[in-house]
Amino acid sequence: MCGIVGYIGNEQAAPILLDGLKKLEYRGYDSAGIALLNASGDIDIVKAKGRLSVLCEMTDDGKTMNGTCGIGHTRWATHGEPSENNAHPHCNDEKTIAAVHNGIIENYAELKEKLIKRGYKFYSQTDTEVATKLVDYYYKKYGDPLRAISEFALRVRGSYALAVVNKDFPDTVFAIRKDSPMIIGVTGGAAILASDVPAILNYTKNVYYVDNLQIARLEKGAVTFYNLDREEVQKELVAITWNAEAAEKGGYEHFMLKEIHEQPKVVKDTLNYLCRDGRLDFSEVGLTDKDFKRINGIVIVGCGSAYHVGVVMQYVIEDLARVPVRVELASEFRYRNPVLNGELVVAISQSGETADTLAAIRAAKESGLKTLAIVNVVGSSIAREADFVLYTKAGPEISVATTKAYSAQLVAGYAFAVKLAKIRGKIDNNYYDKLVTELIALSEKLDCLMERKEEIQKFAAKTMDKQDVFFIGRGADYAVSVEGSLKLKEISYIHSEAYAAGELKHGTISLIEDGTLVFGVLTQKNLVEKTLSNLIETASRGALIAVIASDGVKLPVKGIDNVFRIPDVDEHFTPSLAVIPLQFFAYYLSVLRGNDVDKPRNLAKSVTVE
Ligand code: G6P
């Protein structure tokens, strides 16, 4: 996690660095700092605990700091509590070298011991201070800044995106990365580096994706890349299609609210990319009909909401295409030595950088399996390492709690399932056409749902003091319940559980008390009665019941007070609609409780550490 930026050009660097960090704050926000080479050639460092706004205030948005070359960092603490001392940049004692880092240096304790023996002192608990001093040690030993960085890379284990400034090279930023993201853009007389695209969109739309173990030397209007032997390597510029406005709030109070409202569009965009003339077409993904025919089993891996998309996909693929599907948390899959037998491994990830998902895809490849990535960020690590890539067209997602990326992943998953079912001859042409038409109609139905948000807002106001909320459902309704529950926990900090409705009697029901809120999701017609009975059982024990039900679902006249309707759609696709009231519910509760909706406590959007 953490976000890093670097700039060298003709403008004052600090405002540009702070502007970039603002766009990366979703990656971590417990402290921040910048280091600049000033006009007299010295390194100035300013750091502050807390949100970036504290640092902006201290430096009058960077105006009080002079210099045209610098680096910056926004932190999500891994080693050592959030504090000014632990905030980046870190530097050597002489303040001639400073560095920022995103990632984890796994052997930092061992390296620290060696450096202490060589006379180094440490003032923070971070692995980054060790990284900085290691670079300093090798720079002093060899007098070559590139060599210092390659020696660093040869000795550290773990992940890093590291940017370094060195007093002896006042117009240069040096950088290297391994398993943590880094992009570099060149524009006019400047070069700019960042952990993610939104940070540089205001300056350029052409970027280099730095590969693992590549060293970059950024100078005014130029960037040169090297391998660890310090031989120059040529790289291609990649054009970004996202625009800068997409990463702004655009009049909404929070990014989350804006991103919820963008869902009709991202669903449409993702389907446009996967449909040609009313037929599903995976040629841009690189999957041919032959590849689809070869699929005899699927393992889906992901973390958080991406994993929840996998849970939905499991129901949909098995039902439509009759191919066995297993869905696993990437963090478990990578370590549990699973029995694999020629399956296609599908990794789902918004960022394309989640450490566990990346490791899972690598483990799958090592076992000789083919891999498909469903990712949002073009050029991300997972996208680059997978055999096939399906890009969701969600655009930049800034709010930590995902909404639009989840929705884009869902429709990508449905399209995959329908295509597979068709190619395997499990659905006839008529049903195929109906399913594709239903998929295309989803966007409009999502639009209608946006208009119903006030009902949810009112209900949220009535229930804002609840301590516990349960979500239950069966089949795809269970799959979407887990996402609704996670949304609520993430941003409202209310305790919540999601249960397959049939499991309620096996323990959970003992937690139901007077006033406990229980949400039931009712969209699977053959399962509605069963879930309803489970809901009524909780009501008999004092629960307050709310349901999300498809328009066509009949409900008893008595006993259910709070009903939120969603438009009818083929039952395989109902999670796309049912999730909307759940997202709004979490959003409004978070607002009502005065939480920081887009940056909930302790979380970060891109989890690039284990
Ligand atoms: C974090 C985010 C979640 C996300 C998960 C996986 O926990 O807060 O919203 O679902 O990471 O991220 P990915 O980028 O792999 O989808």
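**Close-up views of a predicted model**

**View 1. The largest cavity and its lining.** The largest cavity is lined by 25 residues, and S195, D196, S351, E353 and V377 lie nearest its centre. On a 1 Å grid over the protein atoms alone, a cavity is a set of points where a 1.4 Å probe fits but cannot get out, and lining residues have an atom within 4 Å of a point. This is a predicted model, in which local features need pLDDT of at least 70 and side-chain atom pairs count only at pLDDT 80 or more, while totals for chains, interfaces and linings use all residues. Residues are numbered from 1 along each chain as its sequence is written, and side-chain values use heavy atoms, with hydrogens and water left out. The volume of the largest cavity is about 210 Å³ (the space filled by probe spheres set on the points, which are joined across faces, edges and corners). Its lining has 12 nonpolar, seven polar and six charged residues. Here Ala, Val, Leu, Ile, Met, Phe, Trp, Tyr, Cys and Pro count as nonpolar, Asp, Glu, Lys and Arg as charged, and the others, Gly among them, as polar.

**View 2. F416 in the largest nonpolar core.** A nonpolar core is a set of buried Ala, Val, Leu, Ile, Met, Phe, Trp, Tyr and Cys residues joined through side-chain atoms within 4.5 Å. Buried means under 20% relative accessible area, exposed over 50%, and partly exposed in between (1.4 Å probe, protein chains only). The largest core has 108 residues, of which F282, I298, I317, F416 and F519 touch the most other members. Helix 13 (residues 404–423) gives the most to this core, with 12 residues. Helices (H or I, at least four residues) and strands (E, at least two) are DSSP runs, numbered from the N terminus. Leaving out residues up to four places away in sequence, F416 touches residues including F282, I298, I317 and L372 (contact means heavy atoms within 4.5 Å).

**View 3. Strands 20 and 21.** Strand 20 (residues 344–349) and strand 21 run parallel and are joined by six bridges; two strands pair if DSSP finds at least two bridges between them. V346 stands opposite L372 in strand 21. Five of the six residues of strand 21 (residues 370–375) are buried.

View 4. Most residues other than glycine have a negative phi, and most peptide bonds are trans. A cis peptide bond, with omega about -5 degrees, joins H88 and P89. R322 has a positive phi near 55 degrees, and R322 counts as exposed because its relative accessibility is 54%.

Methods:
1 Å grid on protein atoms, 1.4 Å probe; cavity = no way out; pocket = protein on both sides within 12 Å on 5 of 7 lines; lining within 4 Å.
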